[in-house]
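Dear colleague,

I am handing over the structure below, and after it I set out what was found.

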Amino acid sequence: MTPVFRPATLPPGGRTLAARWYLDAGVAQHERERIFSRSWIAIGREEHFAEPGAYRLAEVAGESLIVVRGGDGILRALFNVCRHRGTRLCTEPAGVLGGSLQCPYHAWTYGLDGTLKVARNMEGAPDFQRVNYPLKAAAVAEWEGFAFVNLAKRPEPLASAFAPLLDRFARWRLGALRVGRRIEYDVACNWKLVFQNYSECYHCPVLHPQLERFSPWDSGRNDLDEGPFLGGYSELRDRVESLTADGRTKRAPLGDVRGDDLARIYYYTLFPTMLLSLHPDYAMAHYVRPLALDQTAIVCEWLFDARASATPGFDPSDAVEFWDLTNRQDWRISELSQAGIASRAYEPGPYAPAEGLLHAFDRHYLSVMER
């Protein structure tokens, strides 16, 4: 089905969320159980787990997971909890394991598939059998070169959950791209403000003059405006080739990007932890992780054609500098929003017509929280 793009729309009476959704500790706990423990959570690119034994720790809903590529080529997410007395197995955030995981306490040793291989001095323990004590695991899925985990006991298959997105970005060939730069940010605001800020350009002429120079704030058109995935495109101005420091690029278009796509930037939010933007010559992913009610960790990765990025002298700084500036402007204003919402003077205000996706985000968020 060909996507239909249209301007943002706002139902009558659309207003911002009440303060408690950003400030109440009970809400945060409810989010952990209703949202982050049951959704597909983006944790990074498959290339981070390219070789057997390559792993990264992922923090999801208060749980530590060892996401590791096994010798059989399968990517798994193992709970970072020894089956003996619960000790954490890994403390380094990333690395390459030499074929096994060993508990630092009593040296119980596990294969990269989670099976218990060695349990020291347990031969005389009544009814003990190693086969009954593998590391517990969360579900893992891969899509367009991204890795996702899900803590639910019986999660909806990612292919079903992501049905609206499965082939939508095929022409960018995202799975073949490689990370050219990565920046981590700590932002003093609630995670929802990050999603809401990303979903409108009403603020762009005020906050992002460098963005407004290359892309009109009111050119946005959306094809997904209900549910967990929201977004569409904004247009580039005439003779602008991409969103870079000078609006130019020496990089060829990605994959099969042609025609109208050469004059558009596509922006999508993937509830609840990913922001994805697609440019003619590169893509960008933000991974959003709540740390506290008023603290959010954000990792931004810039993705480029694999062959181009492997050439000597490859320099992604034109794209990185443009968006690092834009990111920091967005994070600062989101922090100011968090501070204002915490005031006794705050009360829900009316959304502007250009903020229709924010109201759609609120509707989906509340439907999940109140389900």
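**Helix packing and strand pairing**

The crossing of H4 and H8 is right-handed, a crossing being left-handed if the near helix is turned anticlockwise from the far one by less than a right angle and right-handed if clockwise. This is a predicted model, in which local features need pLDDT of at least 70 and side-chain atom pairs count only at pLDDT 80 or more, while totals for chains, interfaces and linings use all residues. Residues are numbered from 1 along each chain as its sequence is written, and side-chain values use heavy atoms, with hydrogens and water left out.

Helix H4 covers residues 191–198 and helix H8 residues 317–341, and the two pack at an angle of about 125 degrees with their axes 10 Å apart. (Helices are DSSP runs of H or I with at least four residues, strands are runs of E with at least two, and both are numbered from the N terminus; axes are lines fitted to C-alpha atoms, for helices over the stretch in contact, with angles from 0 to 180 degrees between N-to-C directions.) On the H4 side, the contact (heavy atoms within 4.5 Å) is made by Leu193, Val194 and Asn197, and residues of H8 that take part include Trp331 and Ile341.

Turning to the strands, S2 (residues 54–60) pairs with S5 (residues 94–96) in the antiparallel sense over three bridges, where pairing requires that DSSP finds at least two bridges between two strands. Within this pair, Tyr55 has Gly95 of S5 as its bridge partner. S2 also runs antiparallel to S3 (residues 63–69), joined to S3 by six bridges, and Val60 is partnered there by Glu63. The hairpin of S2 and S3 has two residues between the strands, and Ala61 takes a positive phi near 50 degrees in that hairpin.
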